[in-house]
Amino acid sequence: MGFFTENEVNTFDFGEAHIAELRFGLGSFYMLLDNVKILENNSRNRDVRTMRTNGLSFRVMEPQIVAVTEEGCKIYNADGVLQQEVPDRVVSPEEYASLCKELEDAVIYKSEKTGDTYRIFIDGEEHEYVLEVKGSGDSEEWERFMNLAEI
């Protein structure tokens, strides 16, 4: 028996979640995630404590990709002198497919929803990204609850 919720993204904590699969583009936004925390106020959580799960499917309905940004950085030498400043870069839609592949096994360090906008902050292998998506709602589906300590 699986579990399903709609429009309850704020009852999950995606911080430290691992991305097993990521797909987004014209008309779609889907993530398959491991190590997602299910908060006490989730409608399917019968425990009175935070639980976790693996294999959680997260979808944004009627998605519109607002922006995908590769965050910039400052590069210093060993003496702490600024050598280079790399500005933020907007990822083009043509790069989405390769970026999805690159971000498999990456970690989400923060997510937030404000109004109809979802922001997902991802720590990739060499760069950090912010995915900003507007949608009419969200859905989450998973198979089981696990204790936080389970690996």
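I began with the big picture: an open sheet of 10 strands, in the order β1-β15-β7-β4-β3-β12-β13-β14-β8-β11, with antiparallel pairing. Its edge strands are β1 (3–6) and β11 (89–90), each pairing on one side only.

I noted the terms. Strands (E, at least two residues) are DSSP runs, numbered from the N terminus. Two strands pair if DSSP finds at least two bridges between them.

I also noted the basis. This is a predicted model, where local features need pLDDT of at least 70, side-chain atom pairs count only at pLDDT 80 or more, and totals for chains, interfaces and linings use all residues. Residues are numbered from 1 along each chain as its sequence is written, and side-chain values use heavy atoms, with hydrogens and water left out.

Next I followed β12 (residues 107–114). It runs antiparallel to β3 (residues 17–25), joined by 2 bridges. A17 faces I108 of β12 there. On to β13 (residues 117–123): 7 bridges join this strand to β12, again antiparallel. K110 stands opposite F121 in β13. I checked the hairpin of β12 and β13 and found 2 residues between the strands, with G115 at a positive phi near 60°.

Then I looked at β4 (residues 28–34) and β7 (residues 56–61). They run antiparallel, with 4 bridges. Y30 stands opposite R59 in β7.

Last, I looked up the open sheet of 3 strands, ordered β2-β5-β6 and paired antiparallel. β2 (12–13) and β6 (51–53) each have a single partner strand, so one side of each lacks a neighbour in the sheet. β5 (residues 36–38) pairs with β6 over 3 bridges. K37 sits opposite R52 in β6.
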